[in-house]
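Have a look at it, then go through the points in order.

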Amino acid sequence: MTCTQQARGSSRCGPGPLLPTSAPVLLQHYPLYRRSDANCSGEDAAPAEERDIPFKENYDVLSREASQKERSDGQRPSAER
């Protein structure tokens with residue numbers, strides 16, 4: 001993004017024409033279904049006092065059905081690797 005705002009040929013951006021700017025792309029992550037974060041640990045885990053709070057299906061996490069479909073393609077969530 002910095003290069004799109006600088007002058008063409010800037011030493012930081014390298015040679016070549018600048019591409020036109022475009023609208024930003026928003027990506028969102030929805031976790032696969034699980035009852036809570038009770039079994040989660042590590043640096044990105046929820047605080048201990050929040051781990052046993054149940055998730056709301058289709059709100060906090062994907063539905064069971066959607067999670068099953070997602071997993072049927074042979075991919076395993078990072079927590080299971």
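This is a predicted model: local features need pLDDT of at least 70, side-chain atom pairs count only at pLDDT 80 or more; totals for chains, interfaces and linings use all residues.

1. Residues are numbered from 1 along each chain as its sequence is written, and side-chain values use heavy atoms, with hydrogens and water left out.

2. Where is Ser36? Ser36 sits in the loop between α1 (2-5) and α2 (64-71). Ser36 is buried, at 16% relative accessible area (buried is under 20%, exposed over 50%, partly exposed in between, with a 1.4 Å probe and protein chains only). Setting aside neighbours within four places in sequence, Ser36 is in contact with Arg51, Asp52, Ile53, Pro54 and Phe55 (contact means heavy atoms within 4.5 Å).

3. The whole structure has two salt bridges (a side-chain nitrogen of Lys or Arg within 4 Å of a carboxyl oxygen of Asp or Glu). One of them joins Asp37 and Arg34, at 2.9 Å from N to O. Asp37 is buried at 12%, while Arg34 is partly exposed at 30%.

4. Lys69 pairs with Glu65, with the closest N and O atoms 3.5 Å apart. Both residues lie in helix α2, four residues apart, about one turn of the helix. Lys69 is exposed at 56%, and Glu65 is exposed at 53%.

5. Stepping back, buried residues make up 10% of the 81 residues in the protein chain.

Technical notes: Helices (H or I, at least four residues) and strands (E, at least two) are DSSP runs, numbered from the N terminus.
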